[in-house]
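User: I am new to this structure and would like a close look at a single part of it. Please take me through that part step by step, in plain words.

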Amino acid sequence: MGHHHHHEEEHQELSFDEKAHKLIEHWLKHNDDHAAEYRRWASTFRQHDMGAAADDLEAAAGLNAQINAALNHAKEQIHQKG
């Protein structure tokens, strides 16, 4: 028979600040993953003579960087509140 050991802190509810921090961290990673994919595809588009579309994908990756800057600022505000 298996024995499951649970630490007390695993059963405690996260505070809203902790949840908000985790959510923003998730969005940041998700956006970084998308931006990397846009850049990879931009390269492939260029190889298929679709330079204008590749430029748009690279622009989208840049916009993701702007979004992440705003998300990072929001995350800083969580830490500074109170």
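Analyst: A word on exposure comes first: a residue is called buried under 20% relative accessible area, exposed over 50%, and partly exposed in between (1.4 Å probe, protein chains only). This is a predicted model, where local features need pLDDT of at least 70 and side-chain atom pairs count only at pLDDT 80 or more, while totals for chains, interfaces and linings use all residues. Residues are numbered from 1 along each chain as its sequence is written, and side-chain values use heavy atoms, leaving out hydrogens and water.

Let us look closely at helix α1 and at what it meets. Helices here are DSSP runs (H or I, at least four residues), as strands are (E, at least two), numbered from the N terminus. Helix α1 covers residues 16–47. From its first C-alpha to its last, α1 reaches 47 Å with its 32 residues, close to the 46 Å expected at 1.5 Å a residue (the expected span is 1.5 Å times one less than the number of residues). Just past the end of α1, aspartate 49 has a positive phi of about 55°.

Now for the buried side of the helix. In α1 the buried residues are Ala20, Ile24, Leu28, Asn31, Ala35 and Ala42. Part of what covers them is α2, where covering rests on contact, meaning heavy atoms within 4.5 Å. Helix α2 (51–80) has 30 residues that should span 44 Å, and this agrees with its end C-alpha atoms, which are 44 Å apart. The covering goes both ways, as α1 is included in what covers the buried residues of α2. Those residues of α2 are Ala54, Leu57, Ala61, Asn64, Asn68, Leu71, Lys75 and Ile78.

Some of these buried residues join into a nonpolar core (buried Ala, Val, Leu, Ile, Met, Phe, Trp, Tyr and Cys residues joined through side-chain atoms within 4.5 Å). The largest nonpolar core consists of 5 residues, namely Ala20, Ile24, Leu28, Leu71 and Ile78. Both α1 and α2 give two or more residues to this core, and α1 supplies the largest share, 3 residues.

Leaving aside neighbours within four places in sequence, asparagine 31 is in contact with Asn64, Ile67, Asn68 and Leu71. With the side chain of asparagine 68, the side chain of asparagine 31 makes a polar contact of 2.9 Å. A polar contact is a pair of N or O atoms within 3.5 Å; within protein, one must be able to donate a hydrogen and the other to accept it, and residues adjacent in sequence count only if both atoms are side-chain atoms.

Further along comes a pair of rings. The whole structure holds 1 aromatic pair. Tryptophan 41 and phenylalanine 45 have ring centres 6.2 Å apart and planes at 75°, so this pair is edge-to-face. For Phe, Tyr and Trp (its six-membered ring), rings pair if their centres lie within 6.5 Å; planes under 30 degrees apart are stacked, over 60 edge-to-face, and the rest tilted. Both residues lie in α1, 4 residues apart, about one turn of the helix. Tryptophan 41 is partly exposed at 45% relative accessibility, and phenylalanine 45 is partly exposed at 24%.

Lastly, the charged residues. A salt bridge puts a side-chain nitrogen of Lys or Arg within 4 Å of a carboxyl oxygen of Asp or Glu, and the whole structure has 5 of them. One of these links lysine 29 to aspartate 33, with the closest N and O atoms 2.9 Å apart; the two residues are 4 residues apart in α1, about one helical turn. Arginine 46 pairs with aspartate 55 at 2.6 Å and with glutamate 58 at 2.9 Å, N to O. Because arginine 46 lies in α1 and glutamate 58 in α2, their pair ties together parts that are 12 residues apart in sequence. Through shared partners, salt bridges join Arg46, Asp55 and Glu58 into one network. Arginine 46 is partly exposed at 35%, aspartate 55 at 41% and glutamate 58 at 37%.
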